[in-house]
Amino acid sequence: MDQKKEIKSPVAAVSRLRIATDGEGVTTLVVFHACPLRCRWCLNPQTWKEGSTYTEMTPEQLLARVSVDDLYFQATGGGITFGGGEPALRSRFIEEFRRICPKEWKINIETAMNVPQEHVRRLIPLIDEFVIDIKDMNPEIYREYTGISNSQVIENLKFLVSEGVAGKCRIRIPLIPEFNTDSDRDSSVRELQELGFANFDRFEYIKR
Ligand code: SF4
């Protein structure tokens, strides 16, 4: 019997030929199903709402699907961006995918980072860029907006700094209508700078 346990993950969507949206060069966005947060203005509720559809895939099946763009990835310095949902929960899948995909591909992840630290530890050697949407660093604002605590996010941010990979992180800091203000965002930036981050991307959520 095959000793290797098959690693399957629920893939909600695969979006090809994205240019300068999720990282360098041409990228394919792989959207995983499921998320522990319930953000009020979630852009991808189809990744967690009841009745939403997805396909269980192995890393090998995903590789077969996305390899059609190998030449584009290699020519432009692009690759795969894992999003969701919460892709960091799929660290075992990503680890296996990284092992079997061409080594020249860039592997990026768009995450809210509210996951057990074992996933972050596993991802650090695999990921070229962490794009981290922190929502807001203020615990009350975060809880009101997402429904859960951000203490795990903060622990994971500190862990990334302690592992020397803050330079691989781009921190997204949203203005969240009805939940935070410009001055809250400034506070988040200051707190993140004190932790050791320097690369920020300020943007505004659209109410849905
Ligand atoms: S983390 Fe992303 S996918 Fe999850 S609820 Fe928030 S916006 Fe939606």
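Reply: Leu175 stands opposite Glu204 in β8. This pair belongs to the join between β7 and β8, which run parallel and share 5 bridges; two strands count as paired if DSSP finds at least two bridges between them. The model is predicted, so local features require a pLDDT of at least 70 and side-chain atom pairs count only at pLDDT 80 or more, whereas totals for chains, interfaces and linings use all residues. Residues are numbered from 1 along each chain as its sequence is written. Helices (H or I, at least four residues) and strands (E, at least two) are DSSP runs, numbered from the N terminus.

In general, the strands of a sheet are joined by backbone hydrogen bonds, in either a parallel or an antiparallel arrangement.

The whole sheet is open and has 8 strands, in the order β3-β1-β2-β4-β5-β6-β7-β8, with mixed pairing. Its edges are β3 (55-57) and β8 (200-204), each of which pairs on one side only. Neighbouring strands are turned against each other by 30° on average, direction ignored; such angles run from 0 to 180 degrees between N-to-C directions, and the axes are lines fitted to C-alpha atoms, for helices over the stretch in contact.

At the β3 end the sense is antiparallel: β1 and β3 share 3 bridges, and Val11 has Thr55 of β3 as its bridge partner. Strand β1 (residues 9-19) is also antiparallel to β2 (residues 26-32), over 6 bridges. Within that pairing, Ala13 is bridged to Val31 of β2, and Ser15 faces Leu29 of β2. The two strands form a hairpin with 6 residues between them, and Ala20 in the turn has a positive phi of about 55°. Most residues other than glycine have a negative phi, and most peptide bonds are trans. A cis peptide bond joins Gly84 and Gly85, with omega about 15°, and Gly85 is in the loop between β4 and α3.

Helix α1 lies across β1, β2, β3 and β4 (79-83), at about 25° to β1; contact is taken as C-beta atoms, placed from the backbone, lying within 7 Å. This helix (residues 59-66) also packs with α3 (residues 91-100), at an angle of about 55° and with the axes 9 Å apart. The two helices are therefore oblique to each other (under 35 degrees is roughly parallel, over 145 roughly antiparallel, 65 to 115 roughly perpendicular, and the rest oblique). Pro59, Glu60, Leu62 and Leu63 of α1 meet Phe93, Glu96, Phe97 and Ile100 of α3. By class, this contact has 6 nonpolar, no polar and 2 charged residues; Ala, Val, Leu, Ile, Met, Phe, Trp, Tyr, Cys and Pro count as nonpolar, Asp, Glu, Lys and Arg as charged, and the others, Gly among them, as polar.

Gly84 and Gly85 also belong to the residues around the ligand, together with Cys35, Leu37, Arg38, Cys39, Cys42, Leu43, Asn44, Thr47 and Ala112 (C-beta atom, placed from the backbone, within 6 Å). That shell divides into 6 nonpolar, 4 polar and 1 charged residue.

Conventions: Contact = placed C-beta atoms within 7 Å.
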